[in-house]
Amino acid sequence: MDLHRVTRQSATEWHIPATGKMRVPGVIFATEELMREMDDKVLEQASNVATLPGIVKASFAMPDAHWGYGFPIGGVAAFDADDGGIVSAGGVGYDISCGVRTLITDQHLDDMTPPRKNELATELSRVIPAGVGSTGRLHLDEDELTAMLQGGAQWAVRRSYGEPGDLHHIEEGGRMPGAQPEHVSQQARKRMQDEVGTLGSGNHYLEVQYVAEIFDQDAAAAFGILFHQIVLSIHCGSRGLGHQIGSEFLREMAESASAYHLDLPDRELACAPIRSPLGERYLGAMRAGINCALANRQVLTHLARQAFRTVFPAASVRLLYDVSHNTCKEERHKIDRTEGTLFVHRKGATRALGPGSFQLPAEYRAVGQPVLIGGTMGTASYILAGTEQSEERAFSSACHGAGRAMSRHAATKLWKGRQLVDELAEQGILVKSPSLRGVAEEAPGAYKDVEAVIEATDQARLARKVAKLLPLIVVKG
């Protein structure tokens, strides 16, 4: 990125002045090194988002930001419905409510002997459906699909996929209110009939990890995290249903822009006023998509628990937290000392509530929300915690991962899946995947340095480091 186009405010904050049709400035959180490596498209897209009606405060980009559809991935923007604010399907993303959940076990790294690790890898890959078009054990009829889209993880737990205590450690208690399944098309429904409880493809995974380092003892104690503890992390979203919702509403929003008198600098910024029939229909369908993702991760949690307890029969496997990173949520925030309701888009960005928030489980309230940052198959993942400054900085938001440094197509030109699987095995990391091409697409080198992204996030006080996780087993699509 050309740094002459931005103004440096601190070691980790860069401003794009509000010029032309921009209603607010742009703000990018990153170190100088990350900024220089960031593509110029991020600056362009963050500036374009700043032109949208009703945007509040600034158009933000997190340290892992990279080019996306309309909005940058890693973008955060809040809109005031009472000031003509909009909702954008591109500002949420295609994989609605894609997210990470981490489960804590009472097993130690020493328990993960080579025979046990091999057995667990085999069992997890056997019970966790993964890959393009993968289908699960559940087939949902129309009534069950509607119930799932209304109930989210609560629907799954009621059907014995998980434990009631899980719901206490999921955003929104495992169910997003305001879902309107009647606005989810038959095509989207059809795509999800057999996909609940599946990982899918792309960067989605299930990993068995261990706690390699602890940075914040108080937060770790509140979260129940111990050195060399075995944990499981699941990264996936709303599968074909979310993609279909995104595709359909993006097309309709683009076609309706002139009817709503929206002058968009980029067609990919397709949106609709929040207080419009189209905006309200999208919000209802998008919330149903969030519930779909929550249900999907809940069923996968149940399957992963079963597999883990096949190898470690007496193991405790407790849900630490579940966070989504492709959403638009109606939230209360302070602007100029006045609290109001805003619609916060987080595309490739994670909510990061600070200490004291009553939206958090009581046991986490003193230290802030667990913020779960996924790694890139062979690299570290992190558990962070929301800070007191995160609300003021960017509407209580943080990064969601490392962020891609090159396209999937480019990655397959540089790496071969078989070679990566063998190299990771030499490092003690077992990779199970139905697609070697999928492994090549997700090569660690295709992503930014997750360590640099985490350091920038910590330095910017968007969230603070709690623990570093390293992988032992990777199940990928």
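Student: What makes helix α2 count as mostly covered?

Tutor: Seven of the 10 residues in α2 (residues 40–49) are buried, where buried means under 20% relative accessible area, exposed over 50%, and partly exposed in between (1.4 Å probe, protein chains only). Those buried residues are Val42, Leu43, Gln45, Ala46, Ser47, Asn48 and Val49. Keep in mind that this is a predicted model, where local features need pLDDT of at least 70, side-chain atom pairs count only at pLDDT 80 or more, and totals for chains, interfaces and linings use all residues. Residues are numbered from 1 along each chain as its sequence is written, and side-chain values use heavy atoms, with hydrogens and water left out.

Student: Which strands do the buried residues of α2 pack against?

Tutor: They pack against β2 (13–16), β3, β4 and β5 (73–79), with contact meaning heavy atoms within 4.5 Å. Helices (H or I, at least four residues) and strands (E, at least two) are DSSP runs, numbered from the N terminus.

Student: How many aromatic pairs turn up in the whole structure?

Tutor: A search finds eight. Rings of Phe, Tyr and Trp (its six-membered ring) pair if their centres lie within 6.5 Å; planes under 30 degrees apart count as stacked, over 60 as edge-to-face and the rest as tilted.

Student: Why is the pair of Phe29 and Phe60 called stacked?

Tutor: Their ring centres are 6.1 Å apart, which is within 6.5 Å, and their planes are at 10°, which is under 30 degrees, so the pair is stacked. Phe29 sits in strand β3 (residues 26–29) and Phe60 in strand β4 (residues 55–66), so the pair ties together parts 31 residues apart in sequence.

Student: Are Phe29 and Phe60 buried or exposed?

Tutor: Phe29 has 1% relative accessibility, so it counts as buried. Phe60 has a relative accessible area of 2%, so Phe60 is buried too.

Student: What makes Phe215 and Tyr382 a stacked pair?

Tutor: The centres are 6.3 Å apart and the planes are at 20°, so the pair passes both cut-offs and is stacked. This pair links distant parts of the chain, 167 residues apart: Phe215 is in the loop between β8 (205–214) and α7 (217–223), and Tyr382 is in strand β16 (residues 381–386). Phe215 has a relative accessible area of 31%, so it is partly exposed, whereas Tyr382, at 3%, is buried.

Student: How do you know that Lys465 sits over the ring of Phe215?

Tutor: Lys465 lies over the face of Phe215, at 4.3 Å from the ring centre. The rule asks for NZ of Lys or CZ of Arg within 6 Å of the ring centre and within 35 degrees of the ring normal. The charged end of Lys57 likewise sits over the ring of Phe395, 5.7 Å from its centre. Ring pairs link Phe395 with Phe29 and Phe60 into a cluster.

Student: Why is Glu172 called partly exposed, and His261 exposed?

Tutor: Glu172 has a relative accessible area of 29%, between the two cut-offs, so it is partly exposed. His261 has 74%, which is over 50%, so it is exposed.
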